[in-house]
Amino acid sequence: MFSLFEPNVKATIAFLKLLNVNVNKATVNETLQNHPDWPSLLCVSDSLNSWNIPNAAGKIEVAAIDGLPTPFMAHTNDKEHPLSVVSVVTENTVQLYSKNYHQPVLKSKE
């Protein structure tokens, strides 16, 4: 059933799982897609707020990601999978969930 969800829903579900927030996948899907600004970052933020998860949106330089608490969601230039969930940031690598949102991928920080 997870594979039937839109990428932004999958990313939000993966993020909630990393935070150990117990929200039903169908509820996440319904909440996001029923938002008037679906599929924007605003609908993700408003949904996180409804589940009492503090969040904020901002644009940062790649070099500044070390200062962000993990996990966090990142908007990317990938039109098919615009959101990635970053779970670990090291000096040289970034571990993130994208595309299938099941297995983390390790990428160079560059």
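Predicted model: local features only at pLDDT ≥ 70, side-chain atom pairs only at ≥ 80, totals over all residues.
Local features need pLDDT of at least 70 and side-chain atom pairs 80 or more, while totals for chains, interfaces and linings use all residues. Residues are numbered from 1 along each chain as its sequence is written, and side-chain values use heavy atoms, without hydrogens or water.

**Largest pocket**
- The largest pocket holds about 1,400 Å³ of space. (A pocket is an open set of points on a 1 Å grid over the protein atoms alone, where a 1.4 Å probe fits, with protein on both sides within 12 Å along at least five of seven lines; lining residues have an atom within 4 Å of a point. Volume is the space filled by probe spheres set on the points, which are joined across faces, edges and corners.)
- Its lining has 40 residues, with F72, M73, A74, H75 and V86 nearest the centre.
- α3 (41-50), β1 (72-75), β2 (83-89), β3 (93-97) and β4 (105-108) each give two or more lining residues. (Helices are DSSP runs of H or I, at least four residues; strands are runs of E, at least two; both are numbered from the N terminus.)

**Second largest pocket**
- The second largest pocket has a volume of about 270 Å³.
- Its lining counts 13 residues; I13, A14, K17, K25 and Y101 lie closest to the centre.
- α1 (7-18) and α2 (25-33) each supply at least two lining residues. The largest share, five residues, comes from α1.

**Strand pairing**
- β2 and β3 run antiparallel, joined by four bridges. (Pairing takes at least two DSSP bridges.)
- These two strands form a hairpin with three residues between them. V86 stands opposite L96 in β3.
- β3 also pairs with β4, antiparallel, over four bridges. Here Q95 stands opposite L106 in β4.
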